Amino acid sequence: MKVAIYPGSFDPITFGHIDIVDRAASLFDQVVIGVAESKSKNPLFSTDERLDLINEVFSGNSKIRAIGYSKKLTVDLARENNAIAIIRGLRAVADFEYEFQMLGMNRQLDNNIETVFLMADAQRQSISSNFVKEIARLGGNISNFTNKFVEQKLKDKFK
């Protein structure tokens with residue numbers, strides 16, 4: 001079975017993330033979404049809340065599962081889940097430089113794990129979790145950026 005890890009903070013999950021996961025699921029037998037604790041990013045949602053959001057979004061899809069992790073390298077998470085690849089989503093050229101450096105470091109840590117870059121769909125390239133949170137915080141319409149369940153959870157957070 002070919003397994004891929006898609007790591008990130010997913011605070012919250014957006015249509016951009018969902019697009020990458022769906023496309024990765026068409027390439028791999030299983031996609032494990034690794035939800036990083038990311039305390040340094042001061043997340044709006046706890047790790048458990050982010051896992052709940054992701055599990056709701058992908059409920060019914062047995063090829064996709066989400067797990068939380070902290071204090072662990074992504075390559076270690078990949079090894080623990082028998083993953084052959086790490087999925088990285090790219091929105092713009094600016095993402096590539098950082099991701100290319102990360103690829104180099106991960107290859108030195110474990111050259112048996114490939115990194116697969118997937119470009120976000122053109123309609124999703126401008127979406128970022130930070131922008132979605134800011135728009136929601138200011139009472140704007142985020143229905144073009146995430147699903148209704150996540151939208152409601154964001155509204156609840158900002159009440």
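Which helices and strands each supply at least two residues of the lining of the largest pocket? I looked that up before anything else. The answer is β1 (3–8), α1 (15–27), α3 (74–80), β4 (83–90), α4 (93–109) and α5 (129–137).

Ground rules, for my own use. This is a predicted model, where local features need pLDDT of at least 70 and side-chain atom pairs count only at pLDDT 80 or more, while totals for chains, interfaces and linings use all residues. Residues are numbered from 1 along each chain as its sequence is written, and side-chain values use heavy atoms, with hydrogens and water left out. Helices (H or I, at least four residues) and strands (E, at least two) are DSSP runs, numbered from the N terminus.

**Pocket**

I put the volume of the largest pocket at about 1100 Å³. Of its 39 lining residues, those closest to the centre are P7, G8, S9, K41 and R88. A pocket here is an open set of points on a 1 Å grid over the protein atoms alone, where a 1.4 Å probe fits, with protein on both sides within 12 Å along at least five of seven lines; lining residues have an atom within 4 Å of a point. Grid points are joined across faces, edges and corners, and the volume is the space filled by probe spheres set on the points.

Helix α4 gives the most to this lining, with six residues.

**Strand β4**

I then followed β4. Six of its eight residues are buried, so β4 is largely enclosed by the rest of the structure. Buried means under 20% relative accessible area, exposed over 50%, and partly exposed in between (1.4 Å probe, protein chains only).

β4 pairs with β1 in the parallel sense over three bridges, and I5 stands opposite I86 there. On β5 (residues 114–119), six bridges join to β4, again parallel, with A85 opposite E114. Strands pair if DSSP finds at least two bridges between them.

**Salt bridges**

E114 turned up again: it forms a salt bridge with R107, closest N and O atoms 3.2 Å apart. E114 is partly exposed at 42%, and R107 is partly exposed at 31%. My cut-off is a side-chain nitrogen of Lys or Arg within 4 Å of a carboxyl oxygen of Asp or Glu. The whole structure has twelve of these.

E49 and K157 make another, also listed with 3.2 Å between the closest N and O atoms. E49 sits in α2 (residues 47–57) and K157 in α6 (residues 148–157), so the pair ties together parts 108 residues apart in sequence.

Within α6, E151 bridges to K155 at 3.5 Å; the two are four residues apart, about one turn of the helix. E151 is buried at 10%, whereas K155 is partly exposed at 42%.

**Aromatics**

How many aromatic pairs does the count come to? I get three. Rings of Phe, Tyr and Trp (its six-membered ring) pair if their centres lie within 6.5 Å; planes under 30 degrees apart are stacked, over 60 edge-to-face and the rest tilted.

Y6 and F10 have ring centres 5.1 Å apart and planes at 75°, so I log the pair as edge-to-face. Y6 is buried at 6%, and F10 is buried at 2%. Elsewhere in my list, F96, F100 and F117 form one aromatic cluster.
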